[in-house]
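I opened this notebook to record what I looked up in one structure. The entries follow the order in which I consulted it.

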Amino acid sequence: MSIADEILQAPDPLDGLKQLATNPGHNNTLVLVGNASGWTSLLVIWFPVFAALCYGFVVPFTFTQWGENNLLLILAVWLCGWAALATFTLVAGTGRHVYSLDFDQREIGHLNSGQSTSLALRLRRSTEGDTLTLYQPLRSGWHLTANERTLAELEPEQVEAIPNWQPPTLKAHLEEKAKDGSLLVLFVFINIPLVIMHFVFATGGIFFITQFSMLAAWGAGQILGWLLEWRDYRVLSRL
């Protein structure tokens, strides 16, 4: 393969970046929408799946109806707390990280926390290789698909190459999530110990209830994630 072919096939470092269609501030400020918050993903989107798995793994060891009722009560309390947290996040929370890039000041800011830092770079050496990173990293971490060097070297004339952020339809969102491997992990790899355990305990009915609960919990979490993305989109578009 020639060098020219390698260059043509190399991924664009700006791939995956999304900008707000109407950026606040002056023309030399770019607002970028980053990844979803890790805590939001864990506590809001994936918690129902965790609760369903707890039910499937623990029920065979309760042995009595009293023990199973206690487990269901604990799970009900958990789900009430999750519903309250999810409602608060939908109403007043922020589901993803947002950054502002100031071309004049050569600074990048994390709008969620109010932190900002210079785009000056330094060489960081490691066993995995040398990389250029921010001289003073953001304390909130880096939650953009492009690396720090790409953003530091970005010029105003390259902004047009970054697509505007537009959340997908619910159908497209579910199709994308169904292809990202999470269903494969959930219903194949995690299911292996469940199948063995319920076969040993002869609790096939509980196993099928768990499967249905896992699928319903996954769907509810993904729909909630889609609602959060649209909520963030509406809020940030009004800036």
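**Entry 1: Strand S5**

I take helices (H or I, at least four residues) and strands (E, at least two) as DSSP runs, numbered from the N terminus.

The model is predicted: local features need pLDDT of at least 70, side-chain atom pairs count only at pLDDT 80 or more, and totals for chains, interfaces and linings use all residues. Residues are numbered from 1 along each chain as its sequence is written, and side-chain values use heavy atoms, leaving out hydrogens and water.

**Entry 2: The sheet**

I next asked in what order the five strands of the open sheet lie. The order is S1-S2-S3-S4-S5, and the pairing is antiparallel. Two strands pair here if DSSP finds at least two bridges between them. Strand S1 (18-19) and strand S5 (115-118) each have a single partner strand, so they stand at the edges and one side of each is left without a neighbour in the sheet.

I then followed the pairs.
- S2 and S3 (residues 96-102) are antiparallel over six bridges; Val33 has Val98 in S3 as its bridge partner, and Leu32 has Tyr99.
- S3 and S4 are antiparallel over four bridges, and Ser100 stands opposite Gly109 in S4.
- S4 and S5 are also antiparallel over four bridges, with Ile108 opposite Thr117 in S5.

**Entry 3: Strand S3**

How many of the seven residues of S3 are buried? I found seven of the seven buried, so S3 is largely enclosed by the rest of the structure. Arg96, Val98, Ser100 and Asp102 point one way from the strand, whereas His97, Tyr99 and Leu101 point the other way.

I also looked up Ser37, in the loop between strand S2 (29-36) and helix H2 (38-45). Its relative accessibility is 14%, so Ser37 counts as buried. Not counting residues up to four places away in sequence, Ser37 touches Gly95, Arg96 and His97, contact meaning heavy atoms within 4.5 Å.

**Entry 4: Positive phi values**

Most residues other than glycine have a negative phi, and I therefore noted the exceptions. Arg106, which is not a glycine, has a positive phi of about 55°. Arg106 is in the loop between S3 and strand S4 (107-110), where S3 and S4 form a hairpin with four residues between them. With a relative accessible area of 28%, Arg106 is partly exposed.

The hairpin of S4 and S5 also has four residues between its strands, and Gly114 there takes a positive phi near 80°.

Ala202 has a positive phi near 55° and is likewise not a glycine. Ala202 lies in the loop between H8 and helix H9 (204-237). Its relative accessibility is 68%, so Ala202 counts as exposed.

**Entry 5: The nonpolar surface patch**

Which residues form the nonpolar patch on the surface? I listed Phe61, Phe63, Leu184, Val185, Val188, Phe189, Ile192, Ile196, Phe199, Val200 and Phe201, with about 1,200 Å² of accessible area together. Accessible areas come from the Shrake-Rupley method with a 1.4 Å probe; for residues, only the protein chains shown count as cover. Patches are made of residues with over 30% relative accessible area and no salt bridge; like charges are joined within 9 Å, and nonpolar side chains (Val, Leu, Ile, Met, Phe, Trp, Tyr) within 5 Å. A salt bridge is a side-chain nitrogen of Lys or Arg within 4 Å of a carboxyl oxygen of Asp or Glu.

Helix H7 (182-189) and helix H8 (191-201) each supply at least two residues of the patch, and the largest share, five residues, comes from H8. Phe189 is in helix H7; at 53% relative accessibility, Phe189 counts as exposed.

Cys54 is in no disulfide, and its nearest cysteine sulfur, that of Cys80, is 16 Å away. Cys54 is buried, with a relative accessible area of 17%, whereas Cys80 counts as exposed at 55% relative accessibility.

Technical notes:
Buried means under 20% relative accessible area, exposed over 50%, partly exposed in between (1.4 Å probe, protein chains only). A disulfide is a pair of cysteine sulfur atoms within 2.5 Å.
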